[in-house]
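Keep the sequence at hand.

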Amino acid sequence: MIPLLKTSLPPSSNLTKIITEVVKTGIIAEGEYVYDFEKKFLQKFGYKYGLAVSSGTAALHTSLAALGIGRGDEVVTTPMTAEPTNLSILHAGAVPVFADINIDDGNICPLSIKKSITKKTKAILVVHYGGYPAKMKEICKIAKDNGLKVIEDCAHALGASLDGNNVGSYGDFAIFSFQAIKQISTIDGGFIVFKNKKYLDFIKRFRWFGLTKGADRTKPSITHVGYKYNMNNISAAIGIEQLDRFDKILADTQKIGKIYNKELSNTKNIHLCDFSGTPSYWLYSLFSRNSKKIINHLVKKGIASSKVHIPNNYHPLFRNNRLPNTKEFYERLIHIPCGFWVKQADAQKISEVIRSYDKTL
Ligand SMILES: *Cc1c(COP(=O)(O)O)cnc(C)c1O
């Protein structure tokens, strides 16, 4: 079976070397490796300020807290994402208000954002779903006109860009995840980038119980609640190695995405994503009224295929408002394997399986 998603870690000999080196220093918790990883990540992707944390979910919660978003506040968000995006709004004590999505790329719809804004709205949370960039110019304009902050959830989109800018460089905040199956894995980990230096101190304390690392712990100091959200040195050391491996992982993934773009462009019953910018293709999305049949057929042929996520507003926890585009998008959605583990010949073969099946529909 060609899998839909796959973990990529450094070769095991390197991995053993990295872990042994950190263990020998005697400091496995947050320390110099974390600060080095932060510097290198920011440099590599061209973001201004940023801090590493223990997960993408922690990064989301921390971003909302840094913006002062909490009880009584609303965040306009997208249902078409992994659940942590929207759970983090609840972690912060605020209310997620689901805007509808664009049918063509599955990302939050600017027009629907406008309709979802109330007096209580404080921020717009944008996901570049599957690694296909959201329409950031329009979204940032709406935010500016309404005095709102923008948070980009780039968990699928490391390396994706829009008008020559990396995603994550548009919002006030952007977050990344380094869990097992994201483009860079540090086993578990996350990252927060932001444009304003003033958030640095708050986030450093928020990720460490509200304390300042290195300060005298016998002196009273906590003024705000903090969490155990720091990254550890072992994850950071793996992350440093992963930054060097990332360009190839991204290039290999994008190569497969482009093969599908070309090979599947002339099908009868299957549509491709009508995307903006340069996607990272963390997921490759297809759309068809026959999505279930196609998914079953691919799985039978040894090609993993699935919808991967359900719209978050379908969960009983969230308000189940009616979102017609989300419903249609989800009904038609198909993800197929796209990544460094898919060989070019496999991508051709998968395309051929899909094209032949399309003719029978
Ligand atoms: C993976 C993911 C997250 C959460 O990241 P973790 O590191 O697993 O906490 C958040 N948002 C999206 C869209 C994700 O896919």
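The largest pocket has a volume of about 230 Å³. A pocket here comes from a 1 Å grid over the protein atoms alone: an open set of points where a 1.4 Å probe fits, with protein on both sides within 12 Å along at least five of seven lines. Its volume is the space filled by probe spheres set on the points, which are joined across faces, edges and corners. This is a predicted model, where local features need pLDDT of at least 70 and side-chain atom pairs count only at pLDDT 80 or more, while totals for chains, interfaces and linings use all residues. Residues are numbered from 1 along each chain as its sequence is written, and side-chain values use heavy atoms, with hydrogens and water left out.

Helices (H or I, at least four residues) and strands (E, at least two) are DSSP runs, numbered from the N terminus. By class, the lining has eight charged, six nonpolar and two polar residues. Asp, Glu, Lys and Arg count as charged; Ala, Val, Leu, Ile, Met, Phe, Trp, Tyr, Cys and Pro count as nonpolar; the others, Gly among them, are polar.

The second largest pocket holds about 190 Å³ of space. It is lined by 19 residues, and Thr57, Pro84, Ala155, Ser177 and Lys182 are the closest to its centre. Two or more lining residues come from each of α3, α4 (84-91) and β8. The largest share, three residues, belongs to α3. This lining has nine polar, seven nonpolar and three charged residues.

Now turn to the ligand. It is surrounded by 15 residues, the closest being Thr57, Asp153, His156, Ser177 and Lys182. A residue counts as near if one of its heavy atoms lies within 4 Å. Lysine 182 places a polar side-chain atom 2.9 Å from a ligand oxygen. Glycine 56 uses its backbone: an N or O atom there lies 2.7 Å from an oxygen atom of the ligand.

Charged pairs come next. The structure holds 18 salt bridges, each a side-chain nitrogen of Lys or Arg within 4 Å of a carboxyl oxygen of Asp or Glu. One joins lysine 40 to aspartate 36, with the closest N and O atoms 3.2 Å apart. Both residues lie in helix α2 (residues 32-45), four residues apart, about one turn of the helix. Lysine 40 is partly exposed at 34% relative accessible area, and aspartate 36 is partly exposed at 27%. Buried means under 20%, exposed over 50%, and partly exposed in between (1.4 Å probe, protein chains only).

Another salt bridge links aspartate 73 and lysine 122, with the closest N and O atoms 2.7 Å apart. Aspartate 73 lies in the loop between α3 (56-66) and β2 (74-77) and lysine 122 in strand β4 (residues 121-127), so the pair ties together parts 49 residues apart in sequence. Aspartate 73 is buried, at 8%, while lysine 122 is partly exposed, at 37%.

Isoleucine 187 has a phi near 75 degrees, a positive value in a residue other than glycine. It sits in the loop between β8 (173-177) and β9 (190-194). Tyrosine 281 also has a positive phi, near 55 degrees. Its loop runs between β10 (271-272) and β11 (284-287). Is each one buried or exposed? Isoleucine 187 is partly exposed, at 47%, but tyrosine 281 is buried, at 2%.

Finish inside. A cavity is a set of points where the probe fits but cannot get out. Three cavities of 30 Å³ or more turn up in the whole structure.

Definitions and conventions: On a 1 Å grid over the protein atoms alone, a cavity is a set of points where a 1.4 Å probe fits but cannot get out, and a pocket is an open set with protein on both sides within 12 Å along at least five of seven lines; lining residues have an atom within 4 Å of a point. A polar contact is a pair of N or O atoms within 3.5 Å; within protein, one must be able to donate a hydrogen and the other to accept it, and residues adjacent in sequence count only if both atoms are side-chain atoms.
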